[in-house]
Amino acid sequence: MSARLAPRVDDPASRGFFELAANGELGVLTCAQCSTRTHLPRPRCVGCGGKNLEWAAVVGSGRAKSWTVVEHQVHPLFPVPYTVVLIELDDEENIRMVGHLPGRVAVDESTEFVVDFEDLGPDRNGNATVLPTWRIATDNG
Ligand SMILES: [Zn+2]
């Protein structure tokens, strides 16, 4: 087992994201008034300015929008090289999430990704710590 950098899952600003992840779902803040998605998370809807935002499950697949290979190590838990991919979600134009893939990975605009969920175990307060991760989609899903 390799060491992992675990996210804080009980922060009020992102708790809903990690609660959905623990259920195998990818979450995005969604306005209860106008249904606009707000990503990255912020306190007000980017569509109507409303404050009634809730975490809602979205599709867990997308395509590469941008990518780069990191060759300079900046943290001991992220050995180089690795590939960082900006993934635009299917059916959710303008919602992009960041994926991390070990090694130099061949990616282009047609590369399809699907989300997986890595269970890091409970945090010190017993909260489930599940991290959405991205991998290249295969014919089998
Ligand atoms: Zn709204």
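Trainee: Which residues coordinate the zinc ion in this predicted model?

Mentor: The SG atoms of Cys31, Cys34, Cys45 and Cys48 coordinate the zinc ion, at 2.2 to 2.3 Å.

Trainee: What makes the arrangement around the zinc ion tetrahedral?

Mentor: The four donor atoms subtend angles of 104 to 117°. The ideal angle for four tetrahedral donors is 109.5 degrees.

Trainee: Which parts of the chain do Cys31 and Cys48 tie together?

Mentor: Cys31 belongs to strand 1 (residues 26-31), while Cys48 sits in the loop between strand 2 (37-38) and strand 3 (53-58), so the pair links parts that are 17 residues apart in sequence.

Trainee: Why is Cys31 called buried, and why is Cys48 called partly exposed?

Mentor: Buried requires a relative accessible area under 20%. Cys31 has 3% and therefore counts as buried. Cys48, at 42%, falls between the limits of 20% and 50%, so it counts as partly exposed. Cys34 is likewise partly exposed, with 33%.

Trainee: How many disulfides are there?

Mentor: The count comes to zero disulfides. The criterion is a pair of cysteine sulfur atoms within 2.5 Å.

Trainee: How many salt bridges are there, and what makes the pair of Asp10 and Arg8 one of them?

Mentor: The count is seven salt bridges. For Asp10 and Arg8, the closest N and O atoms are 2.8 Å apart, and the limit is 4 Å. Asp10 is partly exposed, with a relative accessible area of 24%, whereas Arg8 at 56% counts as exposed.

Trainee: Where in the chain do Glu71 and Arg104 lie?

Mentor: Their side chains meet in a salt bridge with an N to O distance of 3.0 Å. Glu71 is in the loop between strand 4 (61-70) and strand 5 (82-89), and Arg104 is in the loop between strand 6 (96-102) and strand 7 (112-122), so the pair connects parts 33 residues apart in sequence. Glu71 counts as partly exposed at 45% relative accessibility, and Arg104 as exposed at 59%.

Trainee: How do you know that Arg135 forms a salt bridge with Asp116?

Mentor: The closest N and O atoms of Arg135 and Asp116 are 2.7 Å apart, and the limit is 4 Å. Arg135 lies in strand 8 (residues 128-136) and Asp116 in strand 7, so the pair ties together parts that are 19 residues apart in sequence. Arg135 is partly exposed at 30% relative accessibility, and Asp116 is partly exposed at 29%.

Trainee: How many residues has the largest nonpolar core, and which elements supply at least two each?

Mentor: The largest nonpolar core has 18 residues, and those with the most contacts inside it are Leu26, Val85, Leu89, Met97, Phe113 and Trp134. Helix 1 (15-22), strand 1, strand 5, strand 6, strand 7 and strand 8 each supply at least two of its residues. Strand 5 gives the largest share, three residues. In soluble globular proteins, nonpolar side chains tend to be buried together.

Trainee: Why is Phe113 called buried?

Mentor: Its relative accessible area is 1%, under the limit of 20%, so Phe113 is buried. Phe113 lies in strand 7. Leaving aside neighbours within four places in sequence, its contacts include Val85, Leu101, Trp134 and Arg135. The C-alpha atoms of Phe113 and Arg135 are separated by 5.5 Å, although these residues are 22 residues apart along the chain.

Trainee: Which residues of helix 1 are buried, and what do they pack against?

Mentor: Gly16, Phe17, Phe18, Leu20 and Ala21 are the buried residues of helix 1. They pack against strand 1, strand 3, strand 7 and strand 8. Phe17 is also one of the contacts of Leu26, when neighbours within four places in sequence are left aside. Just after helix 1, Gly24 takes a positive phi of about 75°.

Conventions. Residues are numbered from 1 along each chain as its sequence is written. This is a predicted model: local features need pLDDT of at least 70, side-chain atom pairs count only at pLDDT 80 or more; totals for chains, interfaces and linings use all residues. Side-chain values use heavy atoms; hydrogens and water are left out. Donors are N, O and S atoms within 2.8 Å of the metal (3.2 Å for Na, K and Ca); water is not among the atoms, so sites may look incomplete. Four donors count as tetrahedral if all angles lie between 85 and 135 degrees; four count as square planar and six as octahedral if opposite donors are over 155 degrees apart and all others between 65 and 115; anything else is irregular. Helices (H or I, at least four residues) and strands (E, at least two) are DSSP runs, numbered from the N terminus. Buried means under 20% relative accessible area, exposed over 50%, partly exposed in between (1.4 Å probe, protein chains only). A nonpolar core is a set of buried Ala, Val, Leu, Ile, Met, Phe, Trp, Tyr and Cys residues joined through side-chain atoms within 4.5 Å. Contact means heavy atoms within 4.5 Å.
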